[in-house]
Amino acid sequence: MNRKLAISDIHGHGELLLSLLHAACYHPPFDQLILLGDYIHKGPDTKGTINIIRELWDQEAVVLRGNHEQKVIDALPGTQYFMERGKNFFHHMPLYYEDNQYIYVHAGIRPGIPMKLQLAEDLLRIREPFLNQPHQLPKQVIFGHTSTDRLGMANHIWVRPDKIGIDTGAGHGKTLSLVDLTNKEVYSCHVKTGDITRQDFPG
């Protein structure tokens with residue numbers, strides 16, 4: 001395994017995802033790619049994005065479920081398009097993934113609770129108390145769901161000793177970011193201009 005790459009909250013910006021993977025010279029299966037959910041809604045091409053996610057899944061990327069995919073599973077209003085093709089695919093997406101360094105999850109975890117006892121609702125939607133409390137687990141948690149500009153880091157990831165937030169606001173017209181956890185680099189693409197930048201981790 002060469003690098004660990006993570007991205008979250010793509011929100012219909014599949015072409016930007018492909019641009020970031022190209023900029024980072026993503027090379028499966030030597031690189032491990034982990035996708036943290038929310039592939040659909042808000043952006044310009046949800047259908048095309050899901051097709052890209054399926055291809056990455058076939059190339060052995062880890063594809064986690066986000067709260068927007070859960071909305072489709074729960075058949076909430078506005079999700080009818082996916083009832084046939086998407087729902088089964090979303091059902092197969094795990095709620096979290098863990099390796100020897102990190103725990104990957106869409107929204108976060110409830111502090112003080114072992115991973116196997118975490119509730120799906122928290123893994124998919126939690127903000128408080130996860131954001132402001134140590135989670136007391138021995139690995140950093142890589143998460144999305146909460147745009148980092150809400151955490152005081154506009155257009156960059158949010159890094160703390162026990163957690164890293166990587167949703168840089170693509171669903172809100174800002175940037176989509178691909179995080180190279182191995183080399184501590186961030187590739188970001190602005191959703192309006194398509195310009196790609198590379199930055200080191202903050203701090």
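**Figure 1. Glu121 and Arg125 meet through their side chains.** The side chains of Glu121 and Arg125 make a polar contact at 2.9 Å. A polar contact is a pair of N or O atoms within 3.5 Å; within protein, one must be able to donate a hydrogen and the other to accept it, and residues adjacent in sequence count only if both atoms are side-chain atoms. This is a predicted model: local features need pLDDT of at least 70, side-chain atom pairs count only at pLDDT 80 or more, and totals for chains, interfaces and linings use all residues. Residues are numbered from 1 along each chain as its sequence is written, and side-chain values use heavy atoms, with hydrogens and water left out. Glu121 belongs to helix 5, residues 120-125. Helices (H or I, at least four residues) and strands (E, at least two) are DSSP runs, numbered from the N terminus. Glu121 has a relative accessible area of 45%, so it is partly exposed. The classes are buried under 20%, exposed over 50% and partly exposed in between (1.4 Å probe, protein chains only). Gly37 is 84 residues from Glu121 along the chain, and their C-alpha atoms are 14 Å apart.

**Figure 2. His106 and His145 are joined by a polar contact.** The two side chains are linked at 3.3 Å. His106 sits in the loop between strand 5 and helix 5. Its relative accessibility is 0%, so His106 counts as buried.

Figure 3. Strand 4 pairs with strand 5 (residues 102-105) in the antiparallel sense, over three bridges. Two strands pair if DSSP finds at least two bridges between them. Glu98 stands opposite Ile103 of strand 5.

**Figure 4. Helix 1 packs against helix 2 at an oblique angle.** The axes of helix 1 (residues 14-23) and helix 2 (residues 46-58) come within 8 Å and cross at roughly 40 degrees. Axes are lines fitted to C-alpha atoms, for helices over the stretch in contact, and angles run from 0 to 180 degrees between N-to-C directions. The two helices are therefore oblique to each other. Angles under 35 degrees count as roughly parallel, over 145 as roughly antiparallel, 65 to 115 as roughly perpendicular, and the rest as oblique. From helix 1, Gly14, Glu15, Leu17, Leu18 and Leu21 meet Thr49, Ile52, Ile53 and Leu56 of helix 2. Contact means heavy atoms within 4.5 Å. The contact residues divide into six nonpolar, two polar and one charged. Here Ala, Val, Leu, Ile, Met, Phe, Trp, Tyr, Cys and Pro count as nonpolar, Asp, Glu, Lys and Arg as charged, and the others, Gly among them, as polar.

**Figure 5. Two loops carry cis peptide bonds.** Pro28 and Pro29 are joined by a cis bond, with omega about 0 degrees. Pro29 lies in the loop between helix 1 and strand 2 (32-35). The bond from Glu128 to Pro129 is also cis, with omega near 0 degrees. Pro129 is in the loop between helix 5 and strand 6 (140-143).

**Figure 6. Cys25 and Lys184 have positive phi.** Most residues other than glycine have a negative phi. Cys25 has a phi of about 55 degrees. It lies in the loop between helix 1 and strand 2 and, at 58% relative accessibility, counts as exposed. Lys184 also has a phi of about 55 degrees. Its loop runs between strand 9 (175-180) and strand 10 (185-190). Lys184 counts as partly exposed, at 37% relative accessibility.
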